[in-house]
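Could you walk me through this structure in my viewer, one selection at a time? I would like to know what to pick next and what is there.

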Amino acid sequence: MPTLDVSVVGELNLDIIFYGLPEKLELEREHLAKELSITLGSSSAIFAHNLSCLGDRVGFSSCIGSDPLGEICLKRLGEGGVDISQVRKFAGKTTGLTAILPQRKERYILTYPGTMYDLSLAHLDLSYIFSAKHLHLSSYFLQKGLRPAMVELFRKAKEAGLSTSLDTNDDPDNRWSPDIQLVFKYVDILLPNENEACKLAGAADFRQAAEILSKKVPLVVIKRGSQGAYARRGAEKLEGFPPPVTSVDVVGAGDSFDAGFIRQFIRGASPADCLQYANIVGIAKPSCASTPLPWQAAIAPLARRGTLQSG
Ligand SMILES: Nc1ncnc2c1ncn2[C@@H]1O[C@H](COP(=O)(O)OP(=O)(O)O)[C@@H](O)[C@H]1O
Ligand SMILES: [Mg+2]
């Protein structure tokens, strides 16, 4: 029996979110936010945290610096039930940080990478990582230290019998360099958003991107914000939509979607069921708070219909 359900390898930092800023930001002016949220950030950590909150056993392999921000990240992950024993602390280094400035439908995302660039294969305990059923990696282009060994990591995971998933997220350099195509050979599920899928495939639209990427990975799931998600498994095409909602905080929606999808996938659910559940988790953003939250109410009917196994 694997010790873990899912191993997550990736970056760890806090997000500072400035809500309610003016739409037009001007240099040398003081702009006031209406609300501030300091929360667990980074695609990898949000995925790990939210998957753990859904009930899976999640191990996180990452690193932080020797600063209080890193300690807060660790505390939040630990409170979410994630195994943080494989998070390395690098003395004298600074943990990364992201500032998010949401605008009407989009957001500015400003990141200081810090220790994100320092994680390398030498810091990973592969026997720990491969004790899981599944390996997930987020933010490929931010893993500068790991990138040279990414093919090896994924190849070894497949050899060890794990299923694998990859959410590339954005490439801050906007190069989308071809080394990632070599990793695709060992990826079972690719989870980009629409823009990322088009960039990865060199395609004009998400359907064409899915067509191209479906020849490289067995299952492509393209996240489309309020339009839900579009999946391709070979020639099979699927669409899933989020339940109607009046307002959504989209920060972390893609990572929460991924967590929902993988939770179902490793239980052998069909892509259609994975999509349905992921679209709910995407907007519901699971939390480990003990009081019932809207997402729990939202997934209860699915659980009753047997689509879900509760953790
Ligand atoms: N405005 C929205 N309304 C409803 N659901 C949304 C909205 N934005 C995101 N979602 C849900 O979250 C998922 C992932 O969001 P998306 O923005 O596409 O990903 P990413 O954060 O990776 O760019 C969507 O597939 C959908 O299920
Ligand atoms: Mg994303």
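A polar contact here is a pair of N or O atoms within 3.5 Å. Keep that cut-off in mind for the first stop, and remember that you are looking at a predicted model.

**Stop 1: the ligand.** Select ligand 1 and the 17 residues around it; those that come nearest are Asn193, Gly225, Gly228, Asn279 and Ile283. Now pick Asn193: an N or O atom of its side chain is 2.9 Å from an oxygen atom of ligand 1. Move on to Gly228, where a backbone N or O atom lies 2.9 Å from a ligand 1 oxygen. Then show Arg224, which has a polar backbone atom 3.4 Å from an oxygen of ligand 1.

**Stop 2: α6 and α7.** Select residues 194-201 for helix α6 and 206-213 for helix α7. Their axes are 9 Å apart and meet at an angle of about 55°, so the two helices are oblique to each other. The crossing is left-handed. To see the contact, show Glu194, Ala197, Cys198, Leu200 and Ala201 on α6, with Phe206, Ala209, Ile212 and Leu213 on α7. Coloured by class, this contact of α6 with α7 has eight nonpolar residues, one charged and no polar ones.

**Stop 3: α8 and α9.** Next, select residues 253-265 (helix α8) and 271-284 (helix α9), which pack at about 145° with axes 7 Å apart. Here α8 and α9 cross in a right-handed sense. Among the contact residues are Phe257, Phe261 and Phe265 of α8, and Leu275, Tyr277 and Asn279 of α9. The contact of α8 with α9 divides into ten nonpolar, five polar and two charged residues.

Notes
Residues numbered from 1 in each chain as written. Chains lettered and ligands numbered in written order. Predicted model: local features only at pLDDT ≥ 70, side-chain atom pairs only at ≥ 80, totals over all residues. Heavy atoms only, no water. Axes fitted to C-alpha atoms, helices over the stretch in contact; angles between N-to-C directions. Helix = DSSP H or I, 4+ residues; strand = E, 2+ residues; numbered from the N terminus. Parallel < 35°, antiparallel > 145°, perpendicular 65-115°, else oblique. Left-handed = near helix turned anticlockwise from the far one by under 90°. Contact = heavy atoms within 4.5 Å. Nonpolar A, V, L, I, M, F, W, Y, C, P; charged D, E, K, R; others polar. Near = heavy atom within 4 Å. Polar contact = N/O pair within 3.5 Å; in protein donor to acceptor, adjacent residues only side chain to side chain.
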